[in-house]
Amino acid sequence: MILLLKKDGENEKAQAALIENGILAEIFISDDDEESIAGNIYIGKIEKFIPALEAAFVKLPDDENAFLRIKDIKNEYLNFFGISKLQEGQKILVQIKKEGGNTKGPQVTTNIGIPGRYIVYMPFSKSIGISRKITNENDRKHLREVGEKLKSKYNCGFILRTSCVESKEEYIEKEAEELHKKWEEIVNTFKRSRKTKLIHKESDSDEFVVREFLRKEVEQVITNSQKLKVISKDFKQNIPVKLIESDPFEEYNVYKQIQNSMKRIHELPSGGEIVIDKTEALTIIDVNSGHYTSSESHEELSKKINIEAAKEICRLIRLRNIGGIIIIDFIDMKNEENRLEILNAIKSETLKDKNKIEVYGFTQLGLLEMARKRTSKSLDEKMTALCPVCNGTGHVMSPKFVIERLLKEVKNKPKNAKEVIIKFHPSLKEFINKDLLRKTFKVPIHIHFTHLDPESYEITWKI
C-alpha cells in the first residue's frame with residue numbers, strides 16, 4: 001500500500017490518498033469552505049430536553065444546535081463533575097459524535113475520546129478496547145495488559161489502536177501521559193468558562209492527516225511537501241518517503257479515480273455492474289449481471305459476480321465515506337454455502353475500513369444488511385451539490401409533458417400575433433415537431449434551443 005500526501009502550498013491543508021495495487025482505496029480531501037468538526041470538544045449549553053425523542057438540544061458556538069441522546073449522557077460524566085442531574089440552561093462538555101447534514105445538526109456525546117497515534121484516552125470509561133484489526137492473539141493479550149496498567153494509573157478507559165503493535169510500550173505510556181495532561185487542560189477550561197466555546201479541535205492539521213493515514217500496511221509515502229515528509233518520518237522512522245516536485249495525486253491518477261467513484265453505475269471486470277442510489281436514510285446498492293456472458297451455470301455465474309461485487313462495494317463505501325444503513329441486493333443464489341461465502345467476503349473486506357461496520361447478514365428477502373458508522377461528511381457531500389434543475393431527484397419533466405403544455409399556449413395567442421419565438425432546452429431538440437407547432441399556432445415560428453431549464457420553455461409573441 002502507498003500513501004500519497006500532498007499540499008498545494010506549505011500554508012494549505014494536507015490531503016491524503018491510500019493506493020492499493022494502483023487502485024484508490026481511501027481519500028481525505030479538506031473542505032476549504034467548511035472545516036470538519038468531527039471529534040471536536042465544545043462547551044455547550046442545554047437548550048431543551050425532548051422526552052419523546054429521549055434527547056436534548058445543545059447549543060454550540062455560533063448558535064448551532066446539536067442533538068444529544070439521553071443514552072449518550074454517561075453516569076461517569078455526572079459523577080466526575082459532581083452533578084446529580086443535568087438541567088436546561090446548564091453548561092455541558094460534549095464531543096461531536098457525528099457531523100450534521102443538509103437538514104440535520106451535529107450529534108454530540110458526553111462519552112469523550114481524545115485520540116493519539118497509539119491510543120484513545122477515554123476519561124468517562126473504564127473499559128479497555130483493542131483495535132479489531134489486531135488479530136494476533138499474543139499481540140491482543142499483551143496490549144490488554146498494557147491497557148490495564150494505564151487504566152490503573154489514570155483511572156479511565158483506553159482504546160489501543162493498530163499502530164500499538166509496532167510501538168514500544170514506553171511510547172504508548174508517554175502518549176498516555178500527554179493525553180492525560182491535555183484532558184486536565186480541557187477540564188480546567190470547562191470549569192472556568194461560562195460561554196459556549198470550542199476547547200479542543202480534532203482538526204484537519206498535518207499531524208492529524210498523517211496520524212490517521214500512516215497505517216502499518218503502508219509500505220511507502222510519496223509527498224510533494226518537505227513538512228509532510230518530516231512528520232511522516234517522526235511517526236514511522238523506518239518508512240521510505242519519496243519527495244517529488246509534482247502533484248502525487250496527478251502521478252497516480254487520483255482525480256480521475258475520484259470522479260469515477262462518484263458515478264451511479266460501476267462496471268465490474270467480469271461485465272457485471274453495481275448500481276448505487278443514496279437516500280436521506282440509507283444507501284441502496286444493486287448488483288446486476290450486466291453484459292456478463294458465460295457457459296457456466298446460473299448459480300456459479302451469480303457467485304462469481306457477487307464475490308467480485310462484494311469487494312468493489314466495500315472499496316467504494318470506504319472511498320466515498322458512505323455512512324448509515326446500507327442495503328445490498330446481490331444476484332439471487334439458492335445455495336446457502338454460496339451466500340455464506342459472500343457474507344464472509346464482505347466481513348473480510350470491511351476489516352480494511354477504519355470506521356466501525358456492523359454486518360447483519362441476509363434478510364428474508366435475500367438483501368444483505370449492514371451499517372457503517374457515520375462521523376464526517378461523505379465524499380458525495382463534500383464534492384457535489386444538488387442539481388438546481390431536478391433538486392437532487394435525478395428526474396425532470398418528460399419532453400412529452402413539456403410539449404403538451406406548450407401546445408396549450410395557443411389559447412394565449414394575441415389576436416394580432418404575426419409570428420412567435422419559442423426557446424427550448426437543447427435536450428428537447430429531437431422531440432420537437434415543427435410541422436405540428438406551425439399547424440397549432442397558425443403563424444410563422446422561430447425555434448431556438450438556448451433555454452436553460454429542460455422543464456420549461458420561453459415563448460415570445462411578435463405583434
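Student: Is Asn21 buried or exposed?

Tutor: Exposed. Keep in mind that this is a predicted model. Residues over 50% relative accessible area count as exposed. Asn21 has 81% relative accessibility, so it counts as exposed.

Student: Where does Asn21 sit in the chain?

Tutor: In a loop. Asn21 lies between S2 and strand S3, which spans 23–28.

Student: What is the phi of Asn21?

Tutor: Start with the general idea. Most residues other than glycine have a negative phi. Now the case here. Phi of Asn21 is near 55°, a positive value, and the residue is not glycine. Lys442 is another case: its phi is near 55°, also positive in a residue other than glycine. Lys442 is in the loop between H12 and strand S23 (445–448). With a relative accessible area of 68%, Lys442 is exposed.

Student: Let me step back. How many helices and strands does the protein have?

Tutor: There are 12 helices and 24 strands. The C-alpha atoms fill a box of roughly 90 × 65 × 55 Å along the principal axes.

Student: What share of the residues is buried?

Tutor: Buried means under 20% relative accessible area. Of the 463 residues in the protein, 47% are buried. Look at the surface as well. The protein exposes about 25500 Å², and carbon and sulfur atoms supply 48% of that area.

Student: What share of the contacts comes from residues 24 or more positions apart?

Tutor: Count the contacts with a separation of 6 or more. Residues 24 or more positions apart account for 63% of them.

Student: Which residues does Leu428 touch, leaving out those up to four places away in sequence?

Tutor: Leu428 touches Pro399, Val402, Phe449 and Pro454. Leu428 lies in the loop between strand S22 (419–423) and helix H12 (434–441). Its relative accessibility is 2%, so Leu428 counts as buried. Now take a C-alpha distance. Leu428 and Glu455 are 27 residues apart along the chain, and their C-alpha atoms are separated by 9.7 Å.

Student: On to charges. How many salt bridges does a search of the whole structure find?

Tutor: First the idea. Side chains of opposite charge can pair when their charged atoms come close. The cut-off is 4 Å, from a side-chain nitrogen of Lys or Arg to a carboxyl oxygen of Asp or Glu. The search of the whole structure finds 17 salt bridges.

Student: Which residue forms a salt bridge with Arg318?

Tutor: Glu20. The closest N and O atoms of Arg318 and Glu20 are 3.3 Å apart. This pair links distant parts of the chain: Arg318 is in helix H8 (residues 298–320), Glu20 is in strand S2 (residues 15–20), and they are 298 residues apart. Check the accessibility of each partner. Arg318 is buried, at a relative accessible area of 6%. Glu20 is partly exposed, at 22%.

Student: What is the N to O distance between Asp72 and Lys97?

Tutor: The side chains of Asp72 and Lys97 meet in a salt bridge at 3.1 Å. Asp72 lies in the loop between strand S6 (65–69) and helix H1 (75–80), and Lys97 is in strand S7, so the pair ties together parts 25 residues apart in sequence. Asp72 counts as buried at 10% relative accessibility. Lys97 counts as partly exposed at 28%.

Student: Which residue pairs with Lys352?

Tutor: Glu349. Their side chains meet in a salt bridge, at 3.2 Å from N to O. Lys352 is partly exposed, with 36% relative accessibility. Glu349 is buried, with a relative accessible area of 16%. Salt bridges can also share partners: in this way Lys6, Asp8 and Asp247 are joined into one network.

Student: Which residues form the positive surface patch?

Tutor: Arg69, Lys71, Lys104, Lys278 and Arg374 form it. Patch residues have no salt bridge, and their relative accessible area is over 30%. Take Lys104 as the example. Lys104 is found in the loop between strand S7 (91–98) and strand S8 (107–109). Its relative accessible area is 55%, so Lys104 is exposed.

Student: How far apart are the mean positions of the positive and negative charges?

Tutor: They are 4 Å apart, for 78 positive and 73 negative charges.

Methods
Residues are numbered from 1 along each chain as its sequence is written. This is a predicted model: local features need pLDDT of at least 70, side-chain atom pairs count only at pLDDT 80 or more; totals for chains, interfaces and linings use all residues. Side-chain values use heavy atoms; hydrogens and water are left out. Patches are made of residues with over 30% relative accessible area and no salt bridge: like charges are joined within 9 Å, nonpolar side chains (Val, Leu, Ile, Met, Phe, Trp, Tyr) within 5 Å. Accessible areas come from the Shrake-Rupley method with a 1.4 Å probe; for residues, only the protein chains shown count as cover. Lys and Arg count as positive and Asp and Glu as negative; His and the chain ends are not counted. The place of a charge is taken as NZ of Lys, CZ of Arg, CG of Asp or CD of Glu. Helices (H or I, at least four residues) and strands (E, at least two) are DSSP runs, numbered from the N terminus. Buried means under 20% relative accessible area, exposed over 50%, partly exposed in between (1.4 Å probe, protein chains only). Contact means heavy atoms within 4.5 Å.
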